[in-house]
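Please consult the sequence and structure shown below.

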Amino acid sequence: MKAARVILEALKREGVDTIFGFPGGSVIPLYDALYDCPGITHILARHEQGAGHAADGYARASGKVGVCIATSGPGATNLVTPIANAYMDSVPMVAITGQVSRHLIGLDSFQEADVTGITLPIVKHSYLITSKDDITRTIREAFHIASTGRPGPVVIDIPVDIMKEDMEFDPDDVPPLHLPGYKPTVKGHMKQIREAARVIAAAERPVIYAGGGIIISGASQELREMALYGHIPVVNTLTGKGGFPEDHELSMGMVGMHGTPYANYALSQADVIFAVGVRFDDRVTGKLDAFAPHATFIHVDVDPAEISKNVAIDVPIVGDAKWVLGELITELRKLELSPDRHLPWMEQVESWKRDHPLIVREPDNGEIMPEWAIHKIWQVTNGDAIVCTEVGQHQMWAAQHYLCRHPRQFISSAGLGTMGFGFPASIGAQVGSPGRLVIDIAGDGSFQMTLQELATAVQFRLPVKVCIMNNQWLGMVRQWQELFWNSRYSQTCIECQPDFVKLAEAYGAEGYRVSRPEDLEETLRIAFASPAPAVIDIRVKQEANVYPMIPAGGTVHDMMEREL
Amino acid sequence: MKHTLSVLVENKPGVLTRVAGLFARRGFNIDSLVVAETEKPELSRMTIAVDEQDQNVEQVTKQLHKLINVLKITDLDPAGSVERELLLIKVKASGQTRGEIMQMVEIFGARIVDVTAEVLLIEMTGPREKVGAFIDVLAPFGIVEQMRTGRLAMSRGRKAT
Ligand SMILES: Cc1ncc(C[n+]2csc(CCOP(=O)(O)OP(=O)(O)O)c2C)c(N)n1
């Protein structure tokens with residue numbers, strides 16, 4: 001058997017049935033093997049960045065490891081952004097890149113790039129295979145590393161001459177895992193867990209601050225049980241959306257720069273913050289010394305390096321969120337918490353919610369308000385769609401107004417903030433969730449970064465729906481220019497843009513345009529019901545801003561709650 | 001604060017770059033770095049000397065732990081460990097100064113390893129301060145060239161570093 005085929009067989013042994021990729025000289029043997037390899041579907045993207053983000057969206061929607069392939073040199077460098085993106089949001093991904101033949105490595109050969117070198121700071125781990133004998137072991141290790149502990153991307157760089165060699169493959173001969181330096185801690189320290197339970201039981205103003213770790217570890221049930229038993233309000237991060245049902249009375253919604261006022265008030269006034277699967281990102285904390293000044297911090301994370309990285313933690317617990325929460329609930333139950341032990345706090349939280357709600361501005365003067373459009377999308381889909389987003393204002397409006405009840409429902413580039421992520425991610429999510437309605441909430445700027453993947457959606461009959469919140473601006477940057485740079489709109493106006501309806505049609509997808517509020521709902525229903533991929537160009541108010549907003553490095557006192 | 005990190009790693013290509021990258025990315029300067037095989041050929045020992053705030057060293061240590069090829073890290077406490085550097089130094093030695101230099105060599109427990117008409121090549125090991133002091137006393141004679149290996153360190157007592 002050719003080594004290229006062995007690569008595919010080894011992937012199959014890891015449960016891979018779908019690969020996203022794009023061919024080229026150094027992976028021709030691999031694509032030759034794919035040509036007649038049963039059991040693997042290859043989704044041909046139109047740019048390696050698209051393939052990488054699609055693998056990412058696939059992984060986030062399905063919980064499986066996303067796999068992408070690119071050729072050496074430019075193919076591989078086009079994967080750099082998706083790899084960095086997956087790294088920042090802890091997404092399990094294996095990226096296989098072709099490399100030039102071994103005897104050409106290091107000679108500036110045609111389409112040679114030092115891929116393991118370039119990606120070094122943005123991978124969980126990487127391999128440069130130097131012998132066919134290492135193929136099966138490496139693939140086994142790569143999947144194990146990518147998917148366990150704190151997940152992340154693993155790069156496997158394979159010289160093309162190795163792929164062409166002949167070798168044996170025995171599917172039952174599974175190479176043993178030998179990773180002496182890699183032992184993620186799943187079980188948290190019981191003494192710490194008991195201490196956490198004691199601190200929570202004694203809290204007068206407790207808050208749960210829940211992040212993407214809840215979703216990664218599949219801990220939503222446990223989180224819910226803990227919040228309900230302890231009667232503790234829950235704030236979530238952007239990646240944590242859906243980890244706790246956002247329509248639940250204990251949900252305070254998203255926290256941080258564009259979070260709800262009440263989530264930010266709650267954190268700032270809390271006396272105990274139970275942080276789980278979060279990393280105290282600067283978009284959440286704002287000014288660090290002023291962040292939650294009264295709080296005792298408990299932090300659960302599978303990655304010990306996250307503990308006390310940004311905020312000093314009083315009760316650290318290293319372990320898997322699901323495992324730790326399970327034990328913690330048992331400990332809390334032993335303490336027999338009374339549900340009304342912090343009534344004044346719950347009243348306070350309720351009054352914040354009542355007095356500072358998120359505002360959905362109704363259409364004004366025949367103009368569609370962007371958050372109203374998101375709210376409509378939410379209504380039309382009963383809040384059940386898988387929602388991907390690009391990056392910018394529309395992303396924040398989507399996070400605020402598309403309330404999620406389930407994990408793996410909201411897929412957004414949080415850590416890296418990659419424009420152009422959402423559309424290919426929605427393609428991957430659709431591949432991973434056939435039959436589900438998958439929507440990309442896009443900005444007109446972001447969509448133009450990866451829109452060529454329309455061809456992919458059409459070719460593979462993936463009926464994703466791109467809802468462009470078209471404000472003809474690079475809106476989020478324009479908002480910053482307006483608020484902090486004297487409205488000097490340098491290079492953020494993008495009025496010159498394609499006719500998105502014709503563009504969609506040119507690719508063989510459906511195109512819709514909505515300019516009047518009264519047409520929105522009907523158009524959404526038609527587009528969402530269609531079996532074809534569709535682009536819906538929603539003309540929204542051009543210079544609307546996202547509120548609330550806490551300026552970068554600010555505190556809850558600096559919050560701008562609404563348009564002045 | 002000065003720290004000596006003793007890092008046990010898998011002896012594989014690229015591991016040094018991964019380790020060094022974590023320091024470089026944070027703008028930390030590595031004072032010295034010694035890498036060599038251990039008693040087990042599949043493992044290498046890196047001894048990394050840095051001068052950084054404790055908190056920063058703690059963060060970089062945690063990040064080092066995340067590298068798949070890193071097995072163990074010890075932040076060696078000076079009192080509980082033995083630290084050595086190797087110095088090779090070439091000093092101008094004329095007829096009159098030669099005797100004086102040889103006396104210094106004796107006092108510091110160093111060794112002369114090469115002799116020519118104009119220079120002496122001296123080898124010396126010791127803790128960093130002692131090596132520094134030795135260089136200071138030789139300086140007036142005229143140092144042609146000096147090389148130091150950087151810090152090696154091992155914990156005292158029965159347990160392995
Ligand atoms: C690849 C990339 N380049 C630049 C940026 C900086 N950036 C952040 S938001 C934004 C504007 C996005 O515009 P658009 O997609 O139209 O969304 P809007 O903010 O208007 O909703 C820009 C340029 C980025 N996040 N990603």
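Domain bounds come from an automatic or database domain assignment. On that basis, chain B comprises domain 1 (2-76) and domain 2 (82-154), and the C-alpha centres of these two domains of chain B lie 29 Å apart. The contact (heavy atoms within 4.5 Å) takes ten residues from domain 1 of chain B and seven residues from domain 2 of chain B.

This is a predicted model, in which local features need pLDDT of at least 70 and side-chain atom pairs count only at pLDDT 80 or more, while totals for chains, interfaces and linings use all residues. Residues are numbered from 1 along each chain as its sequence is written, chains are lettered from A in the order in which they are written, and side-chain values use heavy atoms, without hydrogens and water.

Buried area is the accessible area (1.4 Å probe) that two parts lose on being put together, summed over both. Between domain 1 and domain 2 of chain B this area is about 660 Å², with 56% given by carbon and sulfur atoms. Lys2(B), Val34(B) and Thr47(B) supply 48% of the area that domain 1 of chain B buries against domain 2 of chain B, more than any other three residues.

The side of domain 1 of chain B that touches domain 2 of chain B divides by residue class as follows.

| Class | Residues in class |
|---|---|
| Nonpolar (Ala, Val, Leu, Ile, Met, Phe, Trp, Tyr, Cys and Pro) | four residues |
| Polar (the others, Gly among them) | four residues |
| Charged (Asp, Glu, Lys and Arg) | two residues |
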